[in-house]
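Trainee: I would like a close look at one part of this model. Please take it slowly and give the cut-offs as you go.

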Amino acid sequence: MNKLKRQQIFQRLQAENPNPTTELEYNSTFELLIAVILSAQATDVGVNKATRKLYPVANTPEAMLALGVDGLKSYIKTIGLFNTKAENVIKTCAALVEQHDSVVPNTREALEALPGVGRKTANVVLNTAFGQAAMAVDTHIFRVSNRTGIAPGKNVLEVEKRLMRLVPAEYLLNAHHWLILHGRYICIARKPRCAACVIYDLCEFRQKTPVD
């Protein structure tokens, strides 16, 4: 895909959704961090249902530590992998209190040192909470990048690096949100909704559904 096409793609995605953001519900950087940890291999809808009950009770590292692993589990048991996630969240809260004065750090190195925080989670927090250009490549972004031809790659890291290099600079900050929403609602896995796609004519997917 050439540079002009990419420019036009992000121009259209921006025109359709000028201020995109995560669908996870949060009121602080700490709440966002916990929600993103919980969202691994789970839906944002499922995470939001759990955190709507959890956050009024515990929305600081200290309050969540006071719940303990078992107490936390009772709030997140509807989310996949909740046992492991509860352990990681409590360990992360302890690390935030002990090493960061209960403040979520704003560097990749410090974020990735927290239990349960991998590269993807760190990228979401850096981008959404701290306004840094970062690309959290999930299954939706991986699919859209490969299917459309925007930034094909064999694995998530390859796609992430190519997107960071190829997305026009003026769109880089919001590109993560545009791509994830496009993959979630339009360029869906089994049968992409090509008739509803604003970038249909620019997409290089060979099996796209013909649109009159």
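Trainee: Which residues in the largest nonpolar core touch the most other members?

Mentor: The model is predicted, so local features need pLDDT of at least 70 and side-chain atom pairs count only at pLDDT 80 or more, while totals for chains, interfaces and linings use all residues. Residues are numbered from 1 along each chain as its sequence is written, and side-chain values use heavy atoms, without hydrogens or water.

The residues you ask about are L33, I34, M64, L72, V89 and L111, in a core of 34 residues. A nonpolar core here is a set of buried Ala, Val, Leu, Ile, Met, Phe, Trp, Tyr and Cys residues joined through side-chain atoms within 4.5 Å. Buried means under 20% relative accessible area, exposed over 50%, and partly exposed in between, with a 1.4 Å probe and protein chains only. At least two core residues come from each of α2 (29–38), α3 (44–54), α4 (61–76), α5 (82–100) and α7 (119–128). The biggest contribution, eight residues, is from α2. Helices are DSSP runs of H or I with at least four residues, numbered from the N terminus.

V89 shows how the pieces meet: beyond residues up to four places away in sequence, V89 touches I34, I37, L38, M64 and L72. Contact means heavy atoms within 4.5 Å. Apart from this core lies another, of 24 residues, including I150, I180, L181 and C187. In soluble globular proteins, nonpolar side chains tend to be buried together.

C194 and C203 are in the segment after α10 (172–185). C194 is buried at 9% relative accessibility and touches Y200, K208, T209 and V211, sequence neighbours up to four places away aside. C203 is buried at 13%; with neighbours within four places left out, C203 contacts R147, T148 and K208.

A cavity is a set of points on a 1 Å grid where a 1.4 Å probe fits but cannot get out, and lining residues have an atom within 4 Å of a point. Of the 14 lining residues, C187, P192, C194, C197 and C203 are the closest to the centre.

Key: On a 1 Å grid over the protein atoms alone, a cavity is a set of points where a 1.4 Å probe fits but cannot get out, and a pocket is an open set with protein on both sides within 12 Å along at least five of seven lines; lining residues have an atom within 4 Å of a point.
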